[in-house]
Amino acid sequence: VRRIQYGRTGSLQPGHMPIILSGLNFLLIFTFIFSGISEGEAAFSALHQLKTENDRSERDFKQLQHNLSSLKTEDVLCENNWKKFDLGCYFFSKLTKNWNQSREFCISKGGDLAVLNSKEEQAFVNGWLKTSQNAWIGLFDIETEGTWKWVDGTVVTTTKCRKKYWQPGQPNSYGGNQDCGEILQDSGGVGQWNDDACTADQTWVCEK
């Protein structure tokens, strides 16, 4: 007679294993899903914060652009005896000094000898000069003969500017020592450039 064996209550039987494994699988899947949701929420939160900061940066940048674009010439205040043009202020001397002394004066006032960057700017300067007046501007070829520069370091292309701004036949470094530039008042135009000895006494134009 074959005896039937019954397991004792609480003992692990082979038939229990599938149930236990299924439970463990469910627990692992639940843990994985819950963990994934938590990480997803954290990632979404970080992404949202990054987007918020980016939007704020864009708004700040647009505001800065607006502030710069809204800066108008009427917002520029010039001191007494200084004339306003565009975003700059200009001083036209009544006294005369040599080129170096003139530049020292301009620097002491927070500026420099005028750098004429456009036809409109030169026309403005020419308009404030008296008839046939000569005035020092920030133009020189002291460092290298024939290489004309502005005091801000910009190199002047003499060939392109010769017909526009230089007086006919200039610059010619007459006598071999004309290394500083001046503007000659021109009633029928925008003024003309001329080279002269830096030691000559002239009126001058400052810009800041």
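1. Let me start with the aromatic residues. In this predicted model, F85, Y90, F92, F124 and W128 are linked by ring pairs into a cluster. The structure has 13 aromatic pairs by the rule used here.

2. One of those pairs is worth a look on your screen: the ring centres of F105 and W204 are 5.2 Å apart and the planes stand at 65°, so this pair is edge-to-face. Since F105 belongs to helix α2 and W204 to strand β8, the pair ties together parts 99 residues apart in sequence.

3. W148 is in the loop between β4 and β5 (149–150), and W166 is in the loop between α4 (158–162) and β6, 18 residues apart. Both W148 and W166 are buried. A further tryptophan, W82, has K208 lying over its face, 4.5 Å from the ring centre.

4. Now for the overall layout. The chain holds 4 helices and 8 strands, in the order α-β-β-α-β-α-β-β-α-β-β-β from the N terminus. Of its 208 residues, 31% are buried. Among contacts between residues at least 6 apart in sequence, 65% join residues at least 24 apart. The accessible surface is about 14500 Å², and carbon and sulfur atoms account for 56% of this.

5. What does the largest nonpolar core consist of? This core has 34 residues, and those with the most contacts inside it are W99, L116, V125, L139, W150, W193 and V205. At least two residues each come from β2 (88–92), α2 (99–108), α3 (119–128), β4 (134–140), β6 (180–184) and β8 (203–207). Strand β4 gives the largest share, 5 residues.

6. Beyond its neighbours within four places in sequence, W193 is in contact with a set of residues including L116, I137, L139, W150, W166 and E182.

7. On to the disulfides, of which the whole structure has 3. Counting bonded cysteines along the chain, the pattern is 1-2, 3-6, 4-5. The bond between C78 and C89 has an S to S distance of 2.0 Å and is left-handed, with -85° about the S-S bond. C78 sits in the loop between α1 (17–69) and β1, and C89 in strand β2, 11 residues away. C78 is partly exposed at 25% relative accessibility, whereas C89 is buried at 7%.

8. The disulfide of C106 and C206, also with S to S 2.0 Å, is left-handed at -80°. Because C106 is in helix α2 and C206 in strand β8, this link ties together parts 100 residues apart in sequence. C106 and C206 are both buried.

9. Finally, C180 and C198 have their sulfur atoms 1.9 Å apart, and their link is right-handed, with 95° about the S-S bond. C180 is in strand β6 and C198 in the loop between β7 and β8, so the pair joins parts 18 residues apart in sequence. Buried or exposed, how do the two cysteines C180 and C198 count? C180 is buried at 0% relative accessibility, and C198 is buried at 15%.

Key. Residues numbered from 1 in each chain as written. Predicted model: local features only at pLDDT ≥ 70, side-chain atom pairs only at ≥ 80, totals over all residues. Heavy atoms only, no water. Buried < 20%, exposed > 50% of the residue type's maximum accessible area, 1.4 Å probe, protein only. Contact = heavy atoms within 4.5 Å. Areas by Shrake-Rupley, 256 points an atom, 1.4 Å probe, with all protein chains shown as cover. Core = buried A, V, L, I, M, F, W, Y, C linked by side-chain atoms within 4.5 Å. Phe/Tyr/Trp six-rings, centres within 6.5 Å; stacked < 30°, edge-to-face > 60°. Lys NZ or Arg CZ within 6 Å of the ring centre and 35° of its normal. Disulfide = S-S within 2.5 Å.
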